[in-house]
Amino acid sequence: EPRTAHLSSPDRQAVRDALRIVLADLTLVKSAEVRAALAPAAHAMNAAGASDGSPAKQLMPAGSVIEPRTYQDQVALVSRAICAALTLLDMGADAPTAIAALASETVVSSARPTWPVARPDVRLLAADDLVRSERLLRRLLRPAVDTRLLQDARAAQMRSYLLSASRDPRALALLLARRVAELRAAATFSKSRQLALALEALQVLAPLAHSLDFGAPLADLESLSLR
């Protein structure tokens, strides 16, 4: 069975509509009243997840630590994941790429995803490959401000590194779509992180997306970086 699954136009639109509904519903979770109402249940779930006999605990590698997340953190992560998936669907992405976008931003660890699946099929395995490939590409990018990117030669070198390291163009598209989602949510980040994202997008990612002719869905890379 092929590890791609092309979506028909009606199916792609149906997925877009469903994701937009979820994205709109997430605004409810942002309210303090809802978080307060859900807090007792969340406390119980966290306590259950921390028990030695829980399935989640058994899946974690020895010595692993999962950082606690607030509802606001979780909503932000899922919102960015959905925005990245919508960008990729607008680009005509196949099912594994859209799934990878939803999974890559919401993974707690490689062994404990936010949205676990009991029996992964070939498309989910393909999505997992894309998530791993995109993470390798991310390692080439510095999380802090890299002033060397102001030099055109250094920026061109970084674009060359990304192209060389990208075994699957869908992984590169995933990286770019996730960066668009992060730039749209940049106001929630620290000033240094905002500057790092903007410089990286302006000097490296926007020219790369343009050279690969990824189209209008990624046109925001340059405009968002200049805000």
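My entries go from the whole chain to the core, then to one glutamine and a cavity.

**Entry 1: the whole chain**

I noted at the start that this is a predicted model. I then looked up the secondary structure and found ten helices and zero strands. Reading from the N terminus, I wrote down α-α-α-α-α-α-α-α-α-α. The chain has 227 residues, and 39% of them count as buried. I also checked contacts between residues at least 6 apart in sequence: 75% of these join residues at least 24 apart.

**Entry 2: the core**

Which residues touch the most other members of the largest nonpolar core? I found Leu162 and Leu221, in a core of 48 residues. I then looked up which helices supply at least two residues each, and the list is α1 (9-29), α4 (71-90), α5 (95-104), α6 (122-138), α7 (152-165), α8 (169-184), α9 (191-211) and α10 (220-225). The helix that gives the most is α8, with ten residues.

Next I picked Leu221 and looked up its contacts, leaving aside neighbours within four places in sequence. My list reads Leu176, Arg179, Val180, Leu183, Ala201, Leu205, Ala206 and Ala209.

**Entry 3: glutamine 203**

I moved on to glutamine 203, which lies in helix α9. Is glutamine 203 buried or exposed? I found a relative accessibility of 17%, and buried means under 20%, so glutamine 203 counts as buried.

What does the side chain of glutamine 203 reach at 2.7 Å? I traced it to the backbone oxygen of leucine 149. Beyond its neighbours within four places in sequence, glutamine 203 is in contact with Leu149, Leu150, Asp152, Ala155 and Arg159. I also looked up glutamine 151: it is 52 residues away from glutamine 203 in sequence, yet 8.7 Å away in space, C-alpha to C-alpha.

**Entry 4: the cavity**

My last search was for empty space inside. Rolling a probe the size of a water molecule over the atoms shows where empty space is left. How many cavities of 30 Å³ or more does the structure hold? I found one. The largest cavity holds about 70 Å³ of space.

I wrote down its lining too: Leu140, Leu141, Arg142, Ala144, Val145, Asp146, Leu149, Met158, Ala196 and Glu200. Sorted by type, the lining residues come to seven nonpolar, no polar and three charged.

Definitions and conventions. Residues are numbered from 1 along each chain as its sequence is written. This is a predicted model: local features need pLDDT of at least 70, side-chain atom pairs count only at pLDDT 80 or more; totals for chains, interfaces and linings use all residues. Side-chain values use heavy atoms; hydrogens and water are left out. A nonpolar core is a set of buried Ala, Val, Leu, Ile, Met, Phe, Trp, Tyr and Cys residues joined through side-chain atoms within 4.5 Å. Buried means under 20% relative accessible area, exposed over 50%, partly exposed in between (1.4 Å probe, protein chains only). Helices (H or I, at least four residues) and strands (E, at least two) are DSSP runs, numbered from the N terminus. Contact means heavy atoms within 4.5 Å. A polar contact is a pair of N or O atoms within 3.5 Å; within protein, one must be able to donate a hydrogen and the other to accept it, and residues adjacent in sequence count only if both atoms are side-chain atoms. On a 1 Å grid over the protein atoms alone, a cavity is a set of points where a 1.4 Å probe fits but cannot get out, and a pocket is an open set with protein on both sides within 12 Å along at least five of seven lines; lining residues have an atom within 4 Å of a point. Grid points are joined across faces, edges and corners, and a volume is the space filled by probe spheres set on the points. Ala, Val, Leu, Ile, Met, Phe, Trp, Tyr, Cys and Pro count as nonpolar, Asp, Glu, Lys and Arg as charged, and the others, Gly among them, as polar.
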